[in-house]
Amino acid sequence: MSSDIPGPTLVLTHGFLMDESMFEPMREPLAAAGINLVTIDARCHGRTQTPGGEQFTYWDMAADTLSVLDELGIEKAVIGGMSQGGYIALRLALLAPERVRALALIDTDAEACAGAELDYQRTFFERWASAEPMAPLVAELAPQLIGGTDPRLWRAWTSRWYSCDRQTVLPAVRCLLERNALLHRLSEIEAPALVVRGGRDPISTARKSATLAAGLAGADGVVTIPGAGHGAAWTHPEVLTPLLIRLVRRAGARRGNMLAQALAHPWLPGRAAAGIHIAR
């Protein structure tokens with residue numbers, strides 16, 4: 001959990017049906033750049049378990065992330081995530097803007113799940129929770145959720161899906177499907193923001209990403225990674241990592257200008273982080 005890296009901290013939360021290990025390929029190059037990477041397993045994923053039937057929202061998981069920062073003694077960090085990790089990052093920026101140096105929003109958006117998308121996902125996860133064989137479900141999900149041009153990159157995740165308890169993730173499914181839109185609140189977020197998406201991402205579409213970037217004062221358009229899908233953080237870490245390094249350094253350059261604001265909003269530690277897996 002501890003780190004010898006004295007530099008700034010980048011906190012990343014993974015996408016749905018993945019876990020914090022999706023960012024492992026970035027850890028060494030980020031460390032070489034003097035950046036301390038903290039990754040978190042979201043509720044119902046990886047090593048973070050949730051009591052059976054307990055319901056939660058992405059606002060709750062934003063509070064979880066603040067608890068992790070408190071537990072590690074980190075006053076401010078660059079906060080980000082892929083897909084649902086981005087939903088969490090945006091909510092954290094609204095809950096505690098004084099803790100956020102910048103936002104890294106990877107293959108994500110600020111919209112509710114609605115219309116045809118909601119109908120499809122609700123039906124898909126009803127099938128997931130049923131006794132239907134996993135093979136057709138996995139074959140349908142992997143290209144959408146991970147993407148990229150090399151199916152061999154899917155295996156690290158598809159093998160876990162085959163062996164998972166298919167009921168365990170249902171509270172997280174409800175959280176995903178019932179999330180509220182944040183488009184009307186994006187103007188409240190002033191932190192620098194990187195909005196990046198895979199060029200072949202069928203979930204966080206070009207329209208959704210452009211709308212997200214347009215609503216954030218600190219975003220400078222959308223960075224598109226050619227050939228990548230929804231899981232660009234996993235399939236194209238060599239492209240994404242330099243973008244994250246640049247963002248962290250950009251945020252660091254603003255620290256002097258933000259000193260007065262930081263003094264006006266003192267950091268108050270004390271949140272509990274029980275049950276949340278973090279890697280540092």
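Mentor: Helices here are DSSP runs of at least four residues and strands are runs of at least two, numbered from the N terminus. The model is predicted.

Trainee: How many helices and strands are there in the chain?

Mentor: Counted as DSSP runs, the elements come to eleven helices and seven strands.

Trainee: What percentage of the residues in the chain is buried?

Mentor: Buried means under 20% relative accessible area. The chain has 280 residues, and the buried share of them is 54%.

Trainee: Among contacts with a separation of 6 or more, what share comes from residues 24 or more positions apart?

Mentor: The contacts in question are heavy atoms within 4.5 Å. Of those with a separation of 6 or more, the share from residues 24 or more positions apart is 79%.

Trainee: Trp157 is in helix 6. Is Trp157 buried or exposed?

Mentor: Helix 6 covers residues 155-163, and Trp157 is within that run. The relative accessible area of Trp157 is 1%. The cut-off for burial is under 20%. Trp157 is therefore buried.

Trainee: How far apart in space are Trp157 and Met22?

Mentor: Met22 is among the residues that Trp157 touches, along with Leu17, Met18, Asp19, Ser21, Ile146 and Trp234, leaving aside residues up to four places away in sequence. In sequence, Trp157 and Met22 are 135 residues apart. From C-alpha to C-alpha, their separation in space is 9.2 Å.

Trainee: Leu17 is on that list of contacts. What is the phi of Leu17?

Mentor: Leu17 sits in the loop between strand 1 (9-13) and helix 1 (24-32). It counts as buried because its relative accessibility is 11%. Leu17 is not a glycine, yet its phi is positive, at about 60°.

Trainee: Where is Asp107, whose phi is also given as a positive value?

Mentor: Asp107 has a phi near 45°, and it is a residue other than glycine. With a relative accessible area of 0%, Asp107 is buried. Its place is the loop between strand 4 (100-106) and helix 4 (115-128).

Trainee: How do helix 2 and helix 3 lie relative to each other, roughly parallel or roughly perpendicular?

Mentor: Helix 2 and helix 3 (residues 84-95) pack with their axes 8 Å apart, at an angle of about 75°. Angles of 65 to 115 degrees count as roughly perpendicular. Helix 2 is therefore, relative to helix 3, roughly perpendicular.

Trainee: How many residues of the contact of helix 2 with helix 3 are nonpolar?

Mentor: The helix 2 side includes Tyr58, Trp59 and Met61, and the helix 3 side includes Gln84, Tyr87 and Ile88. Two residues of the contact are polar and one is charged, and the nonpolar ones number eleven.

Trainee: Which residues does Gln84 touch, not counting those up to four places away in sequence?

Mentor: Gln84 is found in helix 3. It is buried, because its relative accessible area is 1%. Its contacts are His14, Gly15, Phe16, Ala42, His45 and Tyr58.

Trainee: Which element gives the largest share of the lining of the largest cavity?

Mentor: The whole structure has one cavity of 30 Å³ or more, and about 60 Å³ of space lies in the largest cavity. Eleven residues line the largest cavity, with Ile40, Asp41, Ala42, Met61 and Asp64 nearest its centre. Strand 2 (36-41) and helix 2 (58-72) are the elements that give two or more residues to this lining. The largest share, three residues, comes from helix 2.

Definitions and conventions
Residues are numbered from 1 along each chain as its sequence is written. This is a predicted model: local features need pLDDT of at least 70, side-chain atom pairs count only at pLDDT 80 or more; totals for chains, interfaces and linings use all residues. Side-chain values use heavy atoms; hydrogens and water are left out. Buried means under 20% relative accessible area, exposed over 50%, partly exposed in between (1.4 Å probe, protein chains only). On a 1 Å grid over the protein atoms alone, a cavity is a set of points where a 1.4 Å probe fits but cannot get out, and a pocket is an open set with protein on both sides within 12 Å along at least five of seven lines; lining residues have an atom within 4 Å of a point. Grid points are joined across faces, edges and corners, and a volume is the space filled by probe spheres set on the points. Axes are lines fitted to C-alpha atoms, for helices over the stretch in contact, and angles run from 0 to 180 degrees between N-to-C directions. Angles under 35 degrees count as roughly parallel, over 145 as roughly antiparallel, 65 to 115 as roughly perpendicular and the rest as oblique. Ala, Val, Leu, Ile, Met, Phe, Trp, Tyr, Cys and Pro count as nonpolar, Asp, Glu, Lys and Arg as charged, and the others, Gly among them, as polar.
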